[in-house]
Amino acid sequence: MKKIEAVIKPFKLEDVKDALAEIGITGMTVSEVKGYGRQAGHTELYRGAEYVVDFIPKIKIEVVVNAQDVDRVVETIISSARTGKIGDGKIFVTDIEKVIRIRTGEEDEEAI
């Protein structure tokens, strides 16, 4: 099993969610996060004063899938989240040792 974490632009969330639903991914966790990479923040003007915005608002999507589904899910996220501009985000894929559904006690693939 693999955990796929994708950090994307907030306005792309619905596109990514719909695209994942089309390929049969029904469960995910979504968090509002802030961060920066090469984008490194920017300056804004508020009431005549300039200030630096260090952290850019982003959305983090977490999905746990069977190992054989990773490439398909990653490609779906890329195609639905890409704008071609700086700040499109990143995808991280990590191993998951165990999954347990609390309600039923099901484990691993049955619990996904």
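This is a predicted model: local features need pLDDT of at least 70, side-chain atom pairs count only at pLDDT 80 or more; totals for chains, interfaces and linings use all residues.

Trainee: Where does Val-7 sit in the fold?

Mentor: Val-7 belongs to strand β1, which covers residues 2-8.

Trainee: And how many residues apart in sequence are Val-7 and Asp-88?

Mentor: The two are 81 residues apart in sequence, while their C-alpha atoms are 8.1 Å apart in space.

Trainee: Let us step back. How many helices and strands does the protein chain have?

Mentor: There are two helices and six strands in the protein chain. Their pattern along the sequence reads β-α-β-β-β-β-α-β.

Trainee: Is the chain as a whole compact or spread out?

Mentor: The protein chain is more spread out than a compact globule, because its radius of gyration is 17 Å, well over the 13 Å that the globule rule gives for 112 residues. Taken along the principal axes, the box filled by its C-alpha atoms is roughly 55 × 30 × 20 Å.

Trainee: Now the helices. At what angle do α1 and α2 pack?

Mentor: Helix α1 (residues 13-22) and helix α2 (residues 70-81) pack at about 145°, and their axes are 9 Å apart. The crossing of α1 past α2 is right-handed.

Trainee: Which residues meet there?

Mentor: From α1 they are Asp-15, Val-16, Ala-19 and Leu-20, and these meet Val-73, Thr-76, Ile-77, Ser-80 and Ala-81 of α2. By class, the contact of α1 with α2 has six nonpolar residues, two polar and one charged.

Trainee: Changing topic: how much space lies in the largest pocket?

Mentor: The largest pocket holds about 400 Å³ of space. Its lining is made of 19 residues, and those nearest its centre are Gly-27, Val-63, Val-64, Ala-111 and Ile-112.

Trainee: Which strand gives the most to that lining?

Mentor: Strand β5 (residues 56-65) does, with four residues. The lining of the largest pocket as a whole divides into nine nonpolar, five polar and five charged residues.

Trainee: What is the volume of the second largest pocket?

Mentor: The second largest pocket has a volume of about 330 Å³. It is lined by 15 residues, of which Tyr-36, Gly-37, Arg-38, Gly-89 and Lys-90 lie nearest its centre.

Conventions. Residues are numbered from 1 along each chain as its sequence is written. Side-chain values use heavy atoms; hydrogens and water are left out. Axes are lines fitted to C-alpha atoms, for helices over the stretch in contact, and angles run from 0 to 180 degrees between N-to-C directions. A crossing is left-handed if the near helix is turned anticlockwise from the far one by less than a right angle, and right-handed if clockwise. Contact means heavy atoms within 4.5 Å. Ala, Val, Leu, Ile, Met, Phe, Trp, Tyr, Cys and Pro count as nonpolar, Asp, Glu, Lys and Arg as charged, and the others, Gly among them, as polar. On a 1 Å grid over the protein atoms alone, a cavity is a set of points where a 1.4 Å probe fits but cannot get out, and a pocket is an open set with protein on both sides within 12 Å along at least five of seven lines; lining residues have an atom within 4 Å of a point. Grid points are joined across faces, edges and corners, and a volume is the space filled by probe spheres set on the points. The radius of gyration is taken over C-alpha atoms; the globule rule is 2.2 Å times the number of residues to the power 0.38.
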